[in-house]
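Have the model open in your viewer and keep the selection tool ready. We go stop by stop, from one side chain out to the chain contact.

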Amino acid sequence: MVEKVLFIVFAALAVGSGVGVITRSNIVHALILLIFSFVNVAAIYLLTSAFFIAVVQILVYAGAILVLFTFVVMFLNLRQYQSMEQLHPVQKWVALIMTPLVLAEFVVVALAATWTAVGGPFDRETVAAGGGNVALLGERLFNDALLPFEIASLILLVAMVGAVVLAAKEGREFMETRAWADTDEERIPEFVEEEV
Amino acid sequence: MPTPDVTPIIPELILAVAACLVLVVEPFLKLDKTAVVAVALTGLLAYGAAAFALLGQDMAGFNDMIVINDYAIFFKVLFAAAGVMTVLMSPRYLEAHDRHLGEYYALLLFAILGMSVLAAARDLMAFYVGLELMAVSSYLLAGFFRYRLRSNEAALKYFLTGCFASAITLYGISMVYGFTGATNYAEVGTALAGGENTLGVAFATALVFAGMGFKVSVAPFHMWTPDVYEGAPTPIAGFFSVGPKAAGFAAILMMFLAVFEASVDTWTVIFIAFSIFTMLVGNLFALVQRNLKRMLAYSSIAHVGYLLAGMGAIGQSGDLLAGEAILLYLAAYTFMNLGAFGVLAYLKTQQPVTFDYTLDDMAGLARRSPWAAILMSLFMFSLTGIPGTAGFIGKFYLFNAVVRADLVWLAAIAVIFSAVSAYYYLRVMVYMFFRESEEEFVGGEAISGPLAASLALAAAGVLFIGLVPARLVDASATAFQNFLGL
C-alpha cells in the first residue's frame with residue numbers, strides 16, 4: 001500500500017514536471033524541471049528494486065547529461081531567441097488536427113487492450129540469489145553482449161575523433177600551405193567558401 | 001569466467017588496431033602523411049589476408065552474435081579491396097585540397113570495420129551496432145571538407161536522413177524483439193515461423209526494409225544520394241557508392257532470408273515493386289544529369305534496382321542462383337564504380353579549381369589525358385554491361401537468375417532500363433573523345449603514384465571478372481551456399 005502511494009506521488013511529480021518542461025518559455029527553467037523529472041523516475045526505479053538503474057539514472061541522466069545541457073544553454077545564451085517565432089504557420093494547424101487524433105488513438109488502444117502481467121526470468125528472489133542487480137547486469141553486459149558493447153565503445157571513439165576533425169582549428173603548417181597564405185589577412189577556413 | 005574465442009573477429013581486430021595506430025601515428029607527422037597511409041594500407045591488406053586465411057572456417061562466436069564463414073569472408077575481402085582502392089586514390093586528392101589529415105584514414109577503417117560486422121552479424125544487436133559504426137564514420141567522412149558549403153550540406157543531409165533511417169530500422173527491430181523475445185537471427189526466425197501476429201510482423205518487416213532501403217538508397221528513400229555524393233570528397237563518394245551498399249545488401253540478404261523467412265510472400269512483392277520503381281527513378285534521373293558525380297549517384301540507384309530484382313527472384317523461387325548472382329554483381333559493381341570515381345578524383349586532383357565534374361569538363365579528355373579517357377571508357381562500358389567487362393557478367397548472372405525465377409517480365413524491364421542507361425554512360429565517352437575543350441588546358445601531371453595503382457587495381461578487377469569470371473562465380477556460389485548452411 002505504501003509503495004502504491006509512493007508510486008502515485010513520484011509518477012505525478014515526474015509527469016507534472018515533464019509538462020512543465022514543455023510549457024516553460026525560459027529554457028533554463030525547463031532544464032531544471034527536466035532534471036527534477038528524471039530524479040522522480042529514478043525514485044520509481046527504486047520502488048521496483050532496480051537499484052542499479054536508479055543510480056545510473058541519477059548519475060548519467062540527471063547528473064552528467066542534463067548538467068552538460070544546462071552549461072551549453074547558459075554558454076550559448078539562447079535567451080535572445082526566446083521571442084522569435086519558431087513555428088511554421090501551417091504547423092499549428094497540423095498539430096491541432098493531429099494531436100487529438102493521437103490522443104484518441106491512445107485512448108482507444110488503452111481501453112481495448114487486456115492488461116496482463118508478463119513475468120520475465122527475474123524477480124526479487126532470483127535477483128537476490130544471483131548476487132544482486134549489479135552482478136547480474138554485469139554478467140549480461142560483459143558476457144552475453146560483449147561484442148556489441150565493445151563495438152559501441154568504438155562508435156564513441158569515432159564520434160570523439162569526428163568532433164576533433166570537425167571542430168579543431170587547423171595547425172599553422174597547414175595554413176601556410178594554403179594558396180592564400182601570402183596575403184596579409186589571416187583567413188579562417190570556416191569563412192572561405194570554395195566549390196568542391 | 002570463460003575467455004571468449006576471438007577467432008571469428010580476428011580480421012576485425014586487425015582493422016581496429018590499424019585504425020587506432022593511425023590515430024596514434026598521426027600527431028607525430030607534419031605535412032608528409034606517408035606513414036599514416038602506409039599503416040592504413042597495411043592494416044587493410046592484413047585484414048583481407050586474415051579473412052582469406054580463415055576461408056573454409058565455419059564457426060560462431062560471442063554468444064552466437066557473429067560468425068566467420070565463407071559468406072562473411074567474401075564480403076570482408078570485397079571490403080578490403082574497396083578500402084585499398086579508396087586509400088590509394090586519396091592522398092593526392094586530399095593534398096590538392098589542403099586537408100590531408102590522418103583521421104580520414106582512421107574513419108575509413110572504422111567504417112569498414114562497421115561494414116564487416118554488419119556482414120557477419122547473426123544477432124540483431126550486433127547488426128545494429130555495426131550499422132551505426134558504419135553510419136557515424138560515413139557522416140564524418142562526407143563532411144570532411146568542413147570549410148566547403150557543399151561538403152557541409154552533404155554531411156548534414158546524410159546525418160539527418162541516416163539517423164532517421166537508423167531509428168526506423170531500430171523500431172522494426174524492437175517490434176521483432178517484442179514479438180519473439182529473441183535477438184538471435186535463427187531464434188527469431190524460428191519464433192516468427194511458429195507464431196501468429198501476421199500484421200505486426202508485416203509492419204516490422206516493412207520498417208526494417210524502409211530503414212535498410214535508406215542506407216542502400218532504394219527509391220523513394222534515395223533523395224540524399226546525389227547531394228551526398230556531390231558534396232563528399234570524391235574518393236569517399238566512390239567508397240559510399242560501393243562499400244555501404246555491399247554491406248547493406250549482405251545484411252538485407254541475411255535479414256530477409258533468416259529472420260523474416262516466414263513472411264517471404266509479403267516481402268517478395270515489396271522487393272519486386274520497389275525494384276521497378278528504383279530502376280525507373282535511377283535511370284530516368286541519371287539521363288538528365290550534367291554533373292558526373294550526380295549522374296553516378298543516380299546510376300548507383302539504378303544498380304540497386306537491379307539488385308532488388310535479384311532479391312525478388314530469391315523470394316519468388318527460393319533459388320540459390322539469385323543469391324549467388326547478387327554477390328557476383330556486388331563484386332563487379334565495387335570495381336567498376338570505384339574505378340569511375342577514381343578517374344574523377346584524378347581529374348579533380350589535376351585541376352582543383354577549374355574541374356567541376358560537368359560533362360563539359362570532360363570534353364577533349366582523350367587528347368589531354370588519353371589514359372584517363374581509356375580507363376573511364378572501360379568503367380563506363382562495364383557499368384553499361386558490355387560483354388568482356390565485369391558489368392556484363394554481373395548483369396548476365398543476375399538477369400538469368402531473375403528469368404529462372406519465372407519473372408521474365410521483370411528481367412525484360414531490367415534489360416530495357418540497362419539499354420536506357422547506355423545513353424548516359426556512353427554520352428561521357430562522346431564528350432571525352434569527340435568534343436573539343438573550349439578552354440585551353442593548362443598542363444597537369446599524368447596519372448602516377450598511388451592513384452595509378454588504385455586505377456590499375458580497379459581496371460584489373462573489371463577485366464578479370466569480365467574475361468575469366470569462373471573463379472569469382474565459384475567463390476560467390478560457395479559463399480552463398482555456405483551462408484544458407486548447405
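A polar contact here is a pair of N or O atoms within 3.5 Å, in which one must be able to donate a hydrogen and the other to accept it. Keep that cut-off in mind for the first stop. Note too that this is a predicted model.

**Stop 1: a loop asparagine**

Select B:Asn184. You will find B:Asn184 in the loop between α6 and α7 (185-194) of chain B. Is B:Asn184 buried or exposed? B:Asn184 is buried, at a relative accessible area of 11%. Now draw distances from its side chain. One runs to the backbone nitrogen of B:Ala186, at 3.0 Å. Then show the surroundings. Leaving out residues up to four places away in sequence, B:Asn184 touches B:Asn63, B:Asp64, B:Arg122 and B:Asp123.

**Stop 2: a salt bridge under cover**

Move to B:Lys33 and B:Glu26. Their side chains meet in a salt bridge, 3.2 Å from N to O. B:Lys33 is buried, at 3% relative accessibility. B:Glu26 is buried as well, with a relative accessible area of 11%.

**Stop 3: a salt bridge along a helix**

Select helix α6 of chain B, residues 149-180. B:Lys157 is partly exposed, with a relative accessible area of 30%. B:Glu153 is partly exposed too, at 36%.

**Stop 4: a covered helix**

Next, select α8 of chain B, residues 198-215. How far does this helix reach from its first C-alpha to its last? The span is 26 Å over 18 residues, close to the 26 Å expected at 1.5 Å a residue. α8(B) is mostly covered, with 13 of its 18 residues buried. Step just past the end of α8(B) to B:Ser217, where phi is positive, at about 50°.

**Stop 5: over to chain A**

Select A:Asp144 and A:Arg140. They form a salt bridge, with the closest N and O atoms 3.4 Å apart. Both sit in helix α6 of chain A, 4 residues apart, about one turn of the helix. A:Asp144 is partly exposed, at 31%. A:Arg140 is also partly exposed, at 47% relative accessibility.

**Stop 6: where the chains meet**

Show both chains and select the contact between them. Chain A gives 31 residues and chain B gives 45 residues. Together they bury about 3300 Å², 71% of it on carbon and sulfur atoms. On the side of chain A that touches chain B, the elements giving two or more residues are α6 (133-144), α7 (146-167) and α8 (172-177) of chain A. α7(A) supplies the largest share, 13 residues. By class, that side of chain A has 19 nonpolar, 3 polar and 9 charged residues.

How many salt bridges cross between chain A and chain B? The count is 0, although the total over all chains is 11 salt bridges. Polar contacts do cross the interface: 3 residue pairs, both residues at pLDDT 80 or more.

Conventions
Residues numbered from 1 in each chain as written. Chains lettered and ligands numbered in written order. Predicted model: local features only at pLDDT ≥ 70, side-chain atom pairs only at ≥ 80, totals over all residues. Heavy atoms only, no water. Contact = heavy atoms within 4.5 Å. Buried area = accessible area lost by both parts, 1.4 Å probe. Salt bridge = Lys/Arg side-chain N within 4 Å of Asp/Glu carboxyl O. Polar contact = N/O pair within 3.5 Å; in protein donor to acceptor, adjacent residues only side chain to side chain. Nonpolar A, V, L, I, M, F, W, Y, C, P; charged D, E, K, R; others polar. Expected span 1.5 Å × (residues − 1). Buried < 20%, exposed > 50% of the residue type's maximum accessible area, 1.4 Å probe, protein only.
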